[in-house]
Amino acid sequence: MAECGGVDSNTTSHTMDKSITLPPDEIFRNLENAKRFAIDIGGSLTKLAYYSTVQHKVAKVRSFDHSAKEAASDKLYEIAVQEEVTARLHFIKFENAYIETCLDFIKDHLVNTETKVIKATGGGAHKFKELIEKKLGLKVDKEDEMTCLIKGCNFVLKNIPHEAFVYARHADSEFRFQTTNPDIFPYLLVNIGSGSSVVVVQSEDKFERIGGSSIGGGTFWGLGALLTKTKRFDELLQLASKGQHSSVDMLVKDIYGGSYACLGLTGDLIASSFGKSATADKEFSKEDMAKSLLHMISNDIGQLACLYAKLHNLSRVYFGGFFIRGHPVTMHTITYSINFFTKGEVQALFLRHEGYLGAIGAFLKGAEEDNPNQYSWGENYAGSSGLMSVSPDMNPMQRARSGTFPFDMLEMDRLERQLVNLPLLQDPSSYIPDTVDLTEDAQAREYWLYCFEEALDGVVKRAVASQPDIPGAAERAEKFRQKYRHKLQTLRHQPFAYGSLTVRSLLDTREHCLNEFNFPDPYSKIKERENDVALKYYQKAVKSLEALSWEDRQFALVRGVLAGNVFDWGAKAVSEVLESNPEFGFEEAKRRLEERPWLVDSFDQWLERLKGPPHRCALFFVDNSGVDIILGVMPFVRELLSRGTEVVLASNSAPALNDVTNSELQILTERIAAMDPVIESALREDRLTLVQSGSSSPCLDLSRLDKVLAMVARERQTDLVIIEGMGRAIHTNYYAMLSCESLKMAVIKNSWLADRLGGKLFSVVFKYEVPVGKPH
């Protein structure tokens with residue numbers, strides 16, 4: 001039901017372009033390792049899904065045995081770049097005209113598949129069954145269309161944070177992405193194919209078709225063809241986008257000369273669809289008739305959806321199917337209809353990957369033995385084409401027919417850790433990680449896109465330097481540069497491509513592209529050097545702190561964390577200083593800090609709180625390697641431990657910029673424990689715990705954290721959350737509301753951002769917050 005059942009005569013196998021060129025490094029990627037297939041064939045589009053294993057390089061950190069022969073080495077630890085195999089889901093969408101060419105390509109490149117069956121769904125599955133079996137030598141096993149659709153919908157809502165959006169045609173940002181509620185059920189799915197089906201989804205495996213209508217996309221197509229003699233669906237939408245429905249429709253003001261106030265009807269409201277055609281003695285344009293027809297069908301379906309939503313007390317209503325398919329004109333008319341009938345109480349929600357739902361569901365049906373739902377999955381921005389802007393003047397799948405393949409792709413990687421909400425979020429359903437939505441802020445968007453483009457040469461240089469002995473590093477780094485620059489150009493024109501555009505998504509896209517070309521940790525050498533230097537000063541730093549009075553020490557500890565946070569290679573202002581002056585040190589960083597009162601200054605309140613009873617457990621999300629973690633964070637942690645507070649240190653599961661990873665932190669903490677009895681006893685007594693955050697980003701999404709971290713936070717009755725750094729505490733989580741006390745500490749190392757926040761370079765944010773209703 002994702003597509004209309006009929007097939008356009010222009011898209012049959014007789015007109016397939018056999019000369020089409022498929023770029024193998026861009027489409028059907030990693031096909032040689034494909035293990036399982038599924039396909040969803042609609043009236044005009046085919047969606048193919050397959051599972052593959054991907055080999056890529058990862059940076060593994062191994063501690064030297066300093067009591068053995070290796071003790072002769074001055075190195076803190078060994079960094080080894082190793083091959084690792086992970087799972088990836090590939091989804092590709094293309095026009096049915098290219099199905100035979102694609103099947104030939106798959107057959108020629110398929111070498112390692114173990115499967116004998118391909119799961120199929122959609123109205124065209126029967127039509128192309130023989131062709132698929134002949135070309136691929138796989139048995140076609142057809143799955144129920146609605147079941148696949150629901151399974152696919154559940155999967156994207158659970159695994160892609162910015163999947164759902166509200167469409168606002170005339171707003172600055174036409175796509176307004178919604179935060180997906182951790183509990184996605186129940187919801188209403190209105191699938192508009194040839195007709196319309198209304199389905200209430202209660203849980204992963206429980207759904208019911210509660211109604212529908214024979215009016216749908218097929219009605220628009222059929223009546224539109226009779227009225228305009230236009231046979232193609234997309235051409236009808238093009239006509240509708242240019243039409244004026246008021247030329248054909250009878251409005252309230254045509255009957256009453258204005259509004260009908262006592263019934264609350266405005267003059268511009270449609271009183272009768274096509275009402276003027278019965279009495280007017282004139283020809284109506286194709287554009288006006290198509291627009292009138294579109295409004296009539298959208299209003300009918302919209303009212304039906306509203307009635308079912310009210311009947312079942314549901315506020316989440318998702319629309320999909322052939323009639324929607326990302327077309328602005330249909331999304332706009334459906335949105336208008338829903339807003340009108342519910343007076344804004346229900347929003348019409350659309351899905352970024354709506355076209356893939358059937359293929360995803362069919363794949364999941366075939367993969368039930370592997371239970372893919374037990375894992376968390378993440379969109380791989382490097383291999384996904386993203387949501388395209390669809391002009392009403394263009395077929396959504398239309399591309400230049402100059403021998404290149406018109407395609408759309410989604411790739412999702414299986415994550416090592418299962419991700420869940422931090423249980424300390426005050427309201428997980430309203431939590432938004434990002435502070436600024438660049439999709440809606442054009443000035444900020446332009447600045448940050450320019451910023452990331454300017455930084456590209458430096459990232460390429462460090463990527464090559466991180467692999468001096470690995471062949472092909474320079475060539476791969478150049479490919480990374482081209483790919484990431486292309487992504488930035490795409491995002492300049494289509495900022496909504498991967499959901500809300502934020503500094504976090506720009507950073508994550510860069511990390512995905514670096515990993516794509518086997519640069520798992522470009523800052524590894526820098527981190528190793530800085531960790532080694534900082535460790536030599538640890539005991540001196542602790543001794544100088546112990547010599548201070550209690551109150552002076554509390555201020556010095558906070559100042560130390562802030563000074564350590566200056567050492568951030570992700571900030572241009574800092575990286576330039578560090579490159580030009582390698583001797584730049586901890587004391588110099590302290591001198592750079594803004595004097596009190598800081599830009600955001602809750603230090604006095606924090607000091608008062610420290611005079612009270614100790615916290616039970618502090619969860620500390622740490623930031624950079626080197627001076628930051630060793631001379632800034634660890635002395636602060638040491639003080640908390642001395643007060644009787646348990647501490648959980650959460651660090652990245654995988655590398656990002658010069659952020660410390662969990663494996664690095666394990667080694668650093670062991671080395672510090674060998675010098676410091678306070679840290680040693682806390683580790684031994686399990687009062688200091690190190691956990692993975694589940695993240696590989698310089699920013700922090702508290703709704704997607706390692707399940708083990710969430711469990712530890714709950715079991716230890718955490719009553720203080722500390723978030724450090726510009727990425728984690730300013731670009732994200734600046735407005736995050738927690739159910740316990742929180743401390744957000746960062747130094748602003750970007751002059752544009754500092755100016756935006758009313759400060760200057762190296763301004764300080766020290767934000768201590770207590771939940772409403774909890775005594776200080």
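Which residues touch the most other members of the largest nonpolar core? In this predicted model, they are Leu 422, Trp 448, Phe 480, Leu 506, Leu 619, Phe 621 and Leu 702, out of 65 residues in that core. A second, separate core has 59 residues, among them Val 660, Ile 672, Ala 682 and Leu 743.

Phe 621 belongs to strand 19, which covers residues 617–621. Leaving aside residues up to four places away in sequence, Phe 621 touches Ala 650, Leu 700, Leu 702, Leu 705, Leu 709, Val 721, Ile 722, Ile 723 and Glu 724. Ala 650, in strand 20, stands opposite Phe 621. Strands 19 and 20 (residues 646–651) run parallel and pair over five bridges.

Both strands sit in an open, mixed sheet of seven strands, ordered 18-25-24-23-19-20-21. Strand 18 and strand 21 (688–692) are the edges; each has a single partner strand, so one side of each lacks a neighbour in the sheet.

Helix 18 (residues 603–610) has Phe 603, Trp 606, Leu 607, Arg 609 and Leu 610 buried. Viewed down the helix axis, these buried residues fall within an arc of 160 degrees, so they line one face of helix 18. Their cover includes helix 15 (550–565), helix 19 (627–642), strand 18 (600–601) and strand 23 (720–724).

A search of the whole structure for disulfides finds zero. Cys 262 is exposed at 65% relative accessible area, while Cys 306 is buried at 4%.

Technical notes: Residues are numbered from 1 along each chain as its sequence is written. This is a predicted model: local features need pLDDT of at least 70, side-chain atom pairs count only at pLDDT 80 or more; totals for chains, interfaces and linings use all residues. Side-chain values use heavy atoms; hydrogens and water are left out. A nonpolar core is a set of buried Ala, Val, Leu, Ile, Met, Phe, Trp, Tyr and Cys residues joined through side-chain atoms within 4.5 Å. Buried means under 20% relative accessible area, exposed over 50%, partly exposed in between (1.4 Å probe, protein chains only). Contact means heavy atoms within 4.5 Å. Helices (H or I, at least four residues) and strands (E, at least two) are DSSP runs, numbered from the N terminus. The arc is that of the directions from the helix axis to the C-beta atoms. A disulfide is a pair of cysteine sulfur atoms within 2.5 Å. Two strands pair if DSSP finds at least two bridges between them.
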